Amino acid sequence: MAHPAPGHHAHRPELSHQFETVEQQREAGTLGMWLFLATEILFFGGMFTSYLIYRSLHPQAFVIGSHLLEVKFGATNTAVLICSSLTMAMAIYSAQTGKSKARIITFLVITMLFGLAFLGIKFYFEWYHDYLNLIVPGVAWKYQAGWGTHGPVVQMFMVFYFVMTGVHALHMIVGLGILTVLIVMTARGRFGPTYSAPLDISGLYWHFVDIIWIFLFPLLYLIGGRYTTGGH
Amino acid sequence: MSTVVAELPQAPSESRPNYLTANYGLKSWLLTTDHKRIALLYLVSITFMFAVGGIAAVMMRIQLIQPQGAIVEPETYNKLFSIHGIVMVFFFLVPSIPATLGNFLIPMMIGARDVAFPKLNLLSWYLYITGSLVLLWAILSGGVDTGWTFYPPYSSTYSHTHVVAAGMAIFIAGFSSILTGLNFIVTIHKMRAPGMTWFRMPLFLWSMYATSIIFILGTPVVAITLFLMVLERLFHVGIFDPAVGGDPLLFQHLFWFYSHPAVYIMILPGMGVVSELITAFSKKRVFGYTAIAYSSMAIALLSFLVWGHHMFVTGQSVYTSLIFSVLSFAVAIPSAIKVFNWTATLYKGSISYEAPMLYALGFIGLFTMGGLTGLFLASLSTDVHLNGTYFIVAHFHYIMVGGAVMAFMGGIHYWWPKMTGRLYPDLWARLAAMIIFIGFNLTFFPQFVMGYLGMPRRYAVYPPEFQTLNVMSSAGASILGVGYVIPLIYLIWSFFYGPAAGPNPFGATGLEWKTPSPPPTENFEEIPVVTEEAYNYPGKKAVVGV
């Protein structure tokens, strides 16, 4: 088989010099993203593990802490993120099936708007009101009388809440940056049925960040049988 | 100027620009995406950090010449051993072989033009540099005194030193490791030249692959752990503080979940280097190729299952300790497989004793001692006696210095002619290797004895009966220091004035020796097609059917 000499294989502008074919480049990028997501699982895994250990040690305090959160905002945000995953997938599908640039960009912009909506709800309706209600550990905090001896562990629950959702929100912000780049690349006509690797790979990241939230939502908001009787 | 060049007849292929002469200027280095240049950037940076950690070690050994402490206050001594540990573990040993030799060699050994993600590779170096600068700032503005392990509640509550900066430095440098590991795995999976099957790959690549798995699975855990510790310190809230229902032992579990595998991040690349050196200087096919390859993967797997042996005396459940003890013993199996296979490779080989081979032989002996003394510490009852003493210090220095640093030095000497295109004075190199071997043993063997006799680690003062052993250790350290300075001098000389090496000065096999030294920027004139295994040395062929 013939292997083109260095410098003679640049007939496709998206092909980096270290690769032989666009297919090889796409496979490398995809594997790289899956490996990155594996590191992310371990990164969040440290927090999930710690959460599970302390929740099994202090179940009641964690329930009290969970009840400080507003389920309606968590549920809304879950719906918002699932919708954003759908529009992300539709953007990728549009590129792969050769739809117009405008269509791809529309889906990407809608995905961004969902992402911004998520952050808006998280920052304003949740964190800002937590701040006003004095339940932000280390920043604005006041022990409430009803907690009794559980007070310190309730604070620990809120530390988990802010660290885990904070790191997740940081990933959302990075995702919005990636989406911005993708919109610019789409506008320049880089994507089509023969080449959509950056879209595919970024989609993996976006879906992963959603999935993290799918785990965070029940663990943080829904424990303690809030809507059933005798759950705890 | 350019017009003059254009009129010249085409230059002969020998004088084509190589990766060092392809372009000039600081910018061409700081913005390079060439894996070979990035390897040299790492080599310079980690050598500097090695010197920083080394200076701390020198001051510790001077302090311990006298029982009451020779030069510094105990508080300063605490900072010295902390700085020594943090710098040497996170900023020298972890990146040492992967980021220099791994970066340089992985694409060349698999017949690729570069790693899969060259820009990410450069970003890794910048993350490493950022982490290093933050750490150097922390050291210069007062230091840190928690030890390299950062155990809370001391680190999160009581220490009055720069714990936050040091923790964040490791956090940042950790992402350098993660991205390097990710890059290597993708490169080895997707960038191999036609015909380069998994079992034709040099064993160095198997060890780098195993190391990279630990990089990407272990490092994120220590990153989040240190992040949580820093949060606890900054905001006085947290999950390791017993006052709020937390458990300091959880920190230790999470910390060692990374930091024990990190030991294999340090030693696995060394094992890979030694596999190359032993075959190259025995001029013989490596014995038990598949066993060595699989043992690297087995070590990577087991490395994640033994962290609890650091916590036998912490109040961990005895049943947990039993399991961790058994699993720790199991690590001895793949390690021994390697040692036996290297030894079998030497058998009836045409052995020559160039400097890299001296390091490799030193590695085998010292690593074996370090490994066997590890079994003392994996046994529950002996660990109670030896934990927290100089026996531990001696044990892990036999692995990390006697193993990892010896392999690093051997690898640098072996591939130096390829990296720079120049030879170094062989006599000086052999002399330095011998000095390092002697100095190392004089430094650390007495520490086994003093540890067994009960001298605790991390103490700035000690009872007078340990003075003889401590003076021996300090004397050895001074010899070891000389041994490290000599190569620094002749290698720098060689870089500028050494005689030309030619493509393959050691007569070794492997793709990296088939290109000019130093290699051109694209490594190969055209992507090679591989038709044979890595260690196809001439000589006795296996006799079949007799």
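**Figure 1. Surroundings of Glu512(B).** Leaving out residues up to four places away in sequence, Glu512(B) touches Leu105(B), Met108(B), Met109(B) and Lys418(B). Two residues are in contact if their C-beta atoms, placed from the backbone, lie within 7 Å. This is a predicted model: local features need pLDDT of at least 70, side-chain atom pairs count only at pLDDT 80 or more, and totals for chains, interfaces and linings use all residues. Residues are numbered from 1 along each chain as its sequence is written, while chains are lettered from A and ligands numbered from 1 in the order in which they are written. Glu512(B) sits in the segment after H16 of chain B. Helices (H or I, at least four residues) and strands (E, at least two) are DSSP runs, numbered from the N terminus. Glu512(B) counts as buried because 27 other C-beta atoms lie within 10 Å. The cut-offs are these: buried means 20 or more other C-beta atoms within 10 Å of the residue's own, exposed means 12 or fewer, and partly exposed is in between, with C-beta atoms placed from the backbone. Leu43(B) is 469 residues from Glu512(B) along the chain, and their C-alpha atoms are separated by 19 Å.

**Figure 2. Ile110(B) and the largest nonpolar core.** The largest nonpolar core has 232 residues. Such a core is a set of buried Ala, Val, Leu, Ile, Met, Phe, Trp, Tyr and Cys residues joined through C-beta atoms within 7 Å. Ile110(B) and Leu205(B) have the most contacts inside the largest core. Helix H4 (residues 74-110) of chain B gives the most to this core, 22 residues. Neighbours within four places in sequence aside, Ile110(B) is in contact with Ile188(B), Met191(B), Arg192(B), Ala193(B), Met196(B), Met201(B) and Leu205(B).

**Figure 3. Helix H12 of chain B.** This helix covers residues 355-378, 24 residues in total. From first C-alpha to last, H12(B) reaches 34 Å, close to the 34 Å expected at 1.5 Å a residue. The expected span is 1.5 Å times one less than the number of residues. H12(B) is mostly covered, with 18 of its 24 residues buried.

**Figure 4. Two cis peptide bonds in chain B.** The bond from Pro152(B) to Pro153(B) is cis, with omega near 5 degrees. Pro153(B) belongs to the loop between helix H5 (118-140) and helix H6 (154-158) of chain B. Ser517(B) and Pro518(B) are also joined by a cis peptide bond, with omega about -10 degrees. Pro518(B) lies in the segment after helix H16 (467-497) of chain B.

Figure 5. His236(B) is not a glycine, yet its phi is near 55 degrees. This residue lies in the loop between helix H8 (203-235) and helix H9 (248-282) of chain B. His236(B) is partly exposed because 15 other C-beta atoms are within 10 Å. Arg458(B), also not a glycine, has a positive phi of about 70 degrees. Its loop runs between helix H15 (426-452) and H16 of chain B. Arg458(B) has 14 other C-beta atoms within 10 Å, so it is partly exposed.

**Figure 6. Where chain A meets chain B.** Contacts link 33 residues of chain A with 35 residues of chain B. On the chain A side, helix H1 (22-57) and helix H5 (151-187) are the elements that give two or more residues. H1(A) supplies the largest share, 17 residues. The chain A side divides into 19 nonpolar, twelve polar and two charged residues. Here Ala, Val, Leu, Ile, Met, Phe, Trp, Tyr, Cys and Pro count as nonpolar, Asp, Glu, Lys and Arg as charged, and the others, Gly among them, as polar.

**Figure 7. Fold and dimensions of the two chains.** Chain A has six helices and two strands, in the order α-α-α-α-β-β-α-α along the sequence. Chain B has 16 helices and zero strands. The C-alpha trace of chain A spans about 75 × 35 × 35 Å along its principal axes. For chain B, the box along the principal axes is roughly 75 × 65 × 40 Å. Chain A has a radius of gyration of 22 Å, whereas a compact globule of 232 residues would have one near 17 Å. The radius is taken over C-alpha atoms, and the globule rule is 2.2 Å times the number of residues to the power 0.38. Chain B, with 546 residues, has 24 Å, which agrees with the value near 24 Å for a compact globule. Buried residues make up 34% of chain A and 57% of chain B.
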